[in-house]
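Here is a short briefing to read alongside the model. It takes the chain pairs in turn, then a sheet and a helix.

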There are 4 protein chains.
Amino acid sequence: MPNQPDGTEIQSVLDDIAIRMAGEADRGEVASYIPELARVPLNRFGIAVAPLHGEPIIAGDAEMPFSIQSISKVFALVVALGHVGASLWRRVGREPSGDPFNSIVQLEFERGKPRNPFINPGAIVVSDVILEHQSDEADPHPVLDLCQRLADAPDITVDEDVFASEVATGDRNRALAYFMLAEGNIRGDATKVTERYFRQCSIEMSCRQLAAATRFLATGGEGADADIAGVTPERVRRLNALMMTCGCYDASGEVAFRIGLPCKSGVGGGLVAIVPGVGSIVAWSPGLDKKGNSVLALKAIEDLAHRLGWSVF
Amino acid sequence: MPNQPDGTEIQSVLDDIAIRMAGEADRGEVASYIPELARVPLNRFGIAVAPLHGEPIIAGDAEMPFSIQSISKVFALVVALGHVGASLWRRVGREPSGDPFNSIVQLEFERGKPRNPFINPGAIVVSDVILEHQSDEADPHPVLDLCQRLADAPDITVDEDVFASEVATGDRNRALAYFMLAEGNIRGDATKVTERYFRQCSIEMSCRQLAAATRFLATGGEGADADIAGVTPERVRRLNALMMTCGCYDASGEVAFRIGLPCKSGVGGGLVAIVPGVGSIVAWSPGLDKKGNSVLALKAIEDLAHRLGWSVF
Amino acid sequence: MPNQPDGTEIQSVLDDIAIRMAGEADRGEVASYIPELARVPLNRFGIAVAPLHGEPIIAGDAEMPFSIQSISKVFALVVALGHVGASLWRRVGREPSGDPFNSIVQLEFERGKPRNPFINPGAIVVSDVILEHQSDEADPHPVLDLCQRLADAPDITVDEDVFASEVATGDRNRALAYFMLAEGNIRGDATKVTERYFRQCSIEMSCRQLAAATRFLATGGEGADADIAGVTPERVRRLNALMMTCGCYDASGEVAFRIGLPCKSGVGGGLVAIVPGVGSIVAWSPGLDKKGNSVLALKAIEDLAHRLGWSVF
Amino acid sequence: MPNQPDGTEIQSVLDDIAIRMAGEADRGEVASYIPELARVPLNRFGIAVAPLHGEPIIAGDAEMPFSIQSISKVFALVVALGHVGASLWRRVGREPSGDPFNSIVQLEFERGKPRNPFINPGAIVVSDVILEHQSDEADPHPVLDLCQRLADAPDITVDEDVFASEVATGDRNRALAYFMLAEGNIRGDATKVTERYFRQCSIEMSCRQLAAATRFLATGGEGADADIAGVTPERVRRLNALMMTCGCYDASGEVAFRIGLPCKSGVGGGLVAIVPGVGSIVAWSPGLDKKGNSVLALKAIEDLAHRLGWSVF
């Protein structure tokens with residue numbers, strides 16, 4: 001059961017962690033498959049904690065925007081649940097996918113129904129659901145809009161260079177989309193659906209903004225903007241459960257074991273962790289481990305959680 | 001963050017649940033692969049809550065012994081961690097296994113290292129570790145001993161008929177053992193190792209006993225018998241994390257989503273759920289769903305957790 | 001070692017087979033995934049034998065055009081080998097694929113290199129090779145051209161309705177193309193490449209035409225039109241070997257076992273068998289078995305080969 | 001269609017090949033998983049051709065006995081077919097297995113029915129069938145007996161050191177046996193069945209003996225000892241078909257493509273090829289490629305077949 005330290009104590013621990021992370025030699029490798037991501041300097045590190053009330057507490061490069069990548073899947077899921085509610089789960093499962101490789105293997109065995117909304121095919125189905133309910137005419141950027149509202153930061157944008165890179169290198173995601181189209185689990189145009197997906201992955205946010213935007217996951221949904229239809233206390237608990245079991249690809253079990261908090265990572269190097277009833281944590285450093293999670297963000301949040309006694313278990 | 005209701009409130013909810021479960025028509029099917037299990041009447045249902053202090057609160061058939069089956073994997077893991085500590089994780093992983101079928105597929109791809117200690121091959125490696133440190137001469141029943149100590153119930157026994165059934169029908173588990181022997185991840189005699197595994201699966205406990213025996217997982221390890229070497233606060237948190245991500249086979253994600261608590265199920269129809277800082281819950285009913293989890297035990301614990309506001313998220 | 005019966009004997013056996021096939025009750029099911037194919041009447045059956053020299057000998061509906069579908073993969077392979085020779089095998093393997101499902105599983109494990117040129121992803125790579133060397137400007141229909149030349153039948157055409165159906169329902173093949181594009185094994189535009197592939201599948205030929213067009217595989221390449229660059233004696237032997245091991249999807253072993261001749265089937269219900277040094281056989285009937293091979297075409301060719309002592313073994 | 005060169009021409013080509021193979025630098029690696037096999041000197045090479053009539057023609061180390069290993073699966077299949085005929089195919093398939101790894105994957109998907117009799121699980125089922133019909137009391141060595149009879153060489157024996165090695169290192173094969181026992185496709189005692197299998201793999205024969213013993217596969221069954229119940233012309237054709245599609249593990253397609261003859265290889269370095277109507281070829285050299293086939297035996301037989309125009313296609 002998480003402790004409730006005060007802001008001064010948190011600030012002190014964050015400052016100390018930022019100093020120690022600056023000295024870390026083993027920083028992983030920056031994602032290379034998207035040229036735009038590969039340019040981010042390896043020596044960046046930022047961290048932010050957004051308590052239930054008040055301003056985020058930050059240290060390091062916590063104001064520097066980075067590509068949120070797969071972390072956007074959490075926001076997209078909120079949007080889609082707002083549109084179709086629990087019927088979404090007829091098209092996407094809620095189980096860990098198990099193997100690194102089996103996104104497409106699993107799709108073939110399970111007739112086009114992705115294992116969960118946090119693997120790429122699952123997120124593509126979520127994009128399809130959103131597109132079905134919010135056409136480009138109605139709202140071309142519903143996920144971006146939600147991020148801006150949740151973070152109270154209208155200046156959050158899509159990095160157009162990253163987006164162009166995603167489109168240019170997105171053949172594997174297009175393969176997934178066509179596969180699910182063949183199985184009847186994508187209903188819109190495959191090109192449009194994947195572009196929506198690439199666009200949400202290319203949103204840029206800072207640790208501070210991302211901590212503010214994910215705080216609603218720690219409050220049981222309370223305090224979230226009233227017009228965010230997808231946010232109910234039950235849904236918030238369930239989003240946390242999904243993050244715990246599926247949030248860090250095929251390292252989700254390992255992350256749950258080490259950190260004991262619901263987490264969601266992105267290949268931009270960001271990592272979100274939720275401390276229910278206390279607040280949200282975001283750490284960022286662009287160097288990744290072999291499973292695609294940020295080496296220092298994991299280390300920093302593990303250290304922070306350990307020092308402040310934050311674990312759901 | 002879990003609520004802390006008083007005993008009277010819990011008793012009232014348990015009584016109500018027991019009445020409602022008695023009237024449930026859809027009770028699943030009793031496991032048929034072991035003849036001894038198939039004989040248990042489908043109409044049984046029991047439930048128990050062991051708060052941090054004091055006696056378990058019970059309802060229904062909570063004093064009736066049942067075969068704990070895979071729930072024994074939690075106790076065996078405690079014993080093995082007591083012997084070899086974190087070095088165990090060199091031989092067993094900590095990730096969900098993903099697919100129902102892939103125990104042996106995954107073993108082949110990952111060269112004999114099971115994905116986690118709660119799938120059969122992982123539990124067989126755990127048995128091998130225990131056998132290495134506690135031979136039949138030293139202690140033929142270390143897992144049973146732990147159950148007796150934790151539940152303070154020296155009369156807990158192995159059901160010899162179930163054990164004989166397990167041995168007689170255990171060829172698939174022997175196949176797993178020989179496969180890992182070939183890969184160098186089993187060191188003892190395959191026959192002895194699997195017999196140890198079959199023996200622990202055949203332990204019989206009641207809901208009351210099992211709730212008492214798993215209470216240490218809710219206390220952060222405090223209060224557990226001092227000579228249980230495997231129990232430290234950190235280990236307890238990690239056992240809970242493993243139960244959350246891997247405790248219910250390939251329905252673990254679904255169970256986390258619905259119940260929001262670390263759980264462990266067995267094909268005998270038992271289900272354990274841990275409410276950190278509050279206590280442990282055990283429900284039992286022998287009818288299973290297609291994934292091998294008890295239909296009514298899941299339903300009962302989901303209902304209980306919902307009514308008492310028990311969720312880690 | 002195949003016998004060399006005379007034309008009268010062959011005619012007599014073909015006539016008898018046609019009569020018997022007309023009376024067969026178990027005719028399989030017409031392919032339903034393409035609406036245009038589903039309309040072909042189930043009671044059709046044709047058979048033709050093209051001896052090394054002279055006119056094909058025919059019986060039943062042997063003059064009726066049908067969709068050659070996967071049989072086109074043999075002709076496309078000849079065209080591609082003519083362009084790039086043995087270097088083709090750096091991009092496509094020569095092994096049976098094993099499982100019905102594993103086209104895409106195998107692609108993922110083997111980094112986008114299809115197992116052989118007779119499964120869909122392999123044929124799509126072959127189309128990509130042809131497109132690279134014969135753009136739409138140079139020759140929009142190189143596979144059709146080859147069929148016309150080999151059969152000496154300039155009236156052979158693409159069925160435009162079938163082609164439109166293939167394009168409309170081809171998402172799974174597009175998924176394969178994008179997957180291989182992501183792995184670098186498709187170089188052209190995925191839409192154009194798959195259209196070329198759909199076009200070749202939609203070629204219509206009769207048993208008589210197809211027997212004439214595949215006769216070169218029985219002659220060791222001799223007698224084939226001099227400007228068919230892909231046809232050398234060595235290549236002909238190897239095409240036969242590929243048909244023997246991979247020509248009937250995941251029933252190739254079964255077909256080799258039963259018939260003992262190199263064969264290639266298509267879901268249009270056609271089946272080609274080669275009797276080296278003797279001639280080629282084509283049978284057609286639209287009803288398929290579960291593995292996608294024509295029930296009566298298989299039965300007829302098995303019977304024919306048995307009665308005339310035609311086997312390579 | 002294979003040519004029929006005379007004995008002098010064959011001898012001359014064999015002599016030339018033996019000289020060239022002696023000078024080959026790239027000889028592969030000797031199988032290391034069985035210590036007894038690893039001791040065989042890498043510089044050995046032998047070759048023999050057994051024409052339909054008369055003595056085998058030999059060159060190199062063709063009189064030196066080597067471990068026939070998987071080549072024994074052909075003889076065992078003949079014995080089992082003699083006992084149960086075509087009903088064998090209810091328990092073993094006739095398709096290539098596809099992937100190197102999928103022996104056990106495939107077993108799991110296909111409920112314990114091995115893909116073909118030339119992969120290990122298939123051969124273990126064949127051993128089970130033989131054991132069912134010829135107990136240790138009736139005949140402890142039926143496969144050895146057949147080899148002796150076919151080669152007319154009563155001095156052929158089992159290498160007891162190799163056999164002991166096989167038993168000591170055979171855990172993976174025992175895993176396969178237990179897996180099939182669990183699925184009901186092994187009926188005897190797993191230990192006895194695998195011992196029978198290890199024993200047949202440990203038979204030692206020379207190229208000369210093995211060529212003589214496999215000659216019946218080139219004669220359409222004629223001339224084989226009258227009391228070999230499993231040998232009929234139809235069965236001989238089908239054995240050849242199985243060797244063509246499944247005889248060299250997951251390189252069977254490649255071998256068919258390069259050599260164009262039915263072949264069967266063993267990890268002892270032996271390779272048998274059948275030229276229907278002409279005779280049988282055996283080459284041996286202990287160094288293997290990555291797929292477990294002898295580098296020089298493949299090269300030598302490819303060269304021989306090319307020079308003498310031997311191909312079934």
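Chain B can be laid on chain A by a turn of 180° and a shift of 0.1 Å along the axis, with an RMSD of 0.0 Å; copies are superposed by least squares on the C-alpha atoms of residues with pLDDT of at least 70 in both. The two copies are thus related as by a two-fold rotation axis. Please keep in mind that this is a predicted model, in which local features need pLDDT of at least 70 and side-chain atom pairs count only at pLDDT 80 or more, while totals for chains, interfaces and linings use all residues. Residues are numbered from 1 along each chain as its sequence is written, and chains are lettered from A and ligands numbered from 1 in the order in which they are written.

**Chains A and B**

- On the chain B side, B:Gly98 has the C-alpha nearest the axis, 1.9 Å from it.
- Both copies use the same surface, as 100% of the contact residues of chain B recur in chain A.
- The contact involves 30 residues of chain B and 30 residues of chain A; two residues are in contact if their C-beta atoms, placed from the backbone, lie within 7 Å.
- Two or more residues each come from α11 (233-246) and α12 (252-259) of chain B on the side that touches chain A, where helices (H or I, at least four residues) and strands (E, at least two) are DSSP runs numbered from the N terminus.
- The largest share of this side of chain B, eight residues, belongs to α11(B).
- By class, the side of chain B that touches chain A holds 12 nonpolar, 11 polar and seven charged residues; Ala, Val, Leu, Ile, Met, Phe, Trp, Tyr, Cys and Pro count as nonpolar, Asp, Glu, Lys and Arg as charged, and the others, Gly among them, as polar.

**Chains C and D**

- Chain D is laid on chain C by a turn of 180° and a shift of 0.0 Å along the axis, with an RMSD of 0.0 Å.
- In chain D, the C-alpha nearest the axis is that of D:Gly98, at 1.9 Å.
- The copies meet through the same surface, because 100% of the interface residues of chain D are also interface residues in chain C.
- Here 30 residues of chain D are in contact with 30 residues of chain C.
- On the side of chain D that touches chain C, α11(D) gives the most, with eight residues.

- No contact joins chain B and chain C, and their closest C-alpha atoms lie 11 Å apart.
- Chain A and chain D do not touch either, with their nearest C-alpha atoms 11 Å apart.

**A sheet in chain B**

- Three strands of chain B form an open antiparallel sheet in the order β4-β6-β5; two strands pair if DSSP finds at least two bridges between them.
- β4 (66-67) and β5 (157-158) of chain B are the edge strands, each pairing on one side only.
- Two bridges link β4(B) to β6 (residues 203-205) of chain B in the antiparallel sense.
- B:Ser67 stands opposite B:Glu204 in β6(B).

**Helix α9 in chain A**

- The 12 residues of α9 (residues 190-201) of chain A should span 16 Å at 1.5 Å a residue, and the end C-alpha atoms are 17 Å apart, which agrees; the expected span is 1.5 Å times one less than the number of residues.
- α9(A) is mostly covered, with 10 of its 12 residues buried; a residue is buried if 20 or more other C-beta atoms, placed from the backbone, lie within 10 Å of its own.
- Among the buried residues of α9(A) are A:Val193, A:Tyr197, A:Phe198 and A:Cys201, as well as A:Glu195 and A:Arg196.
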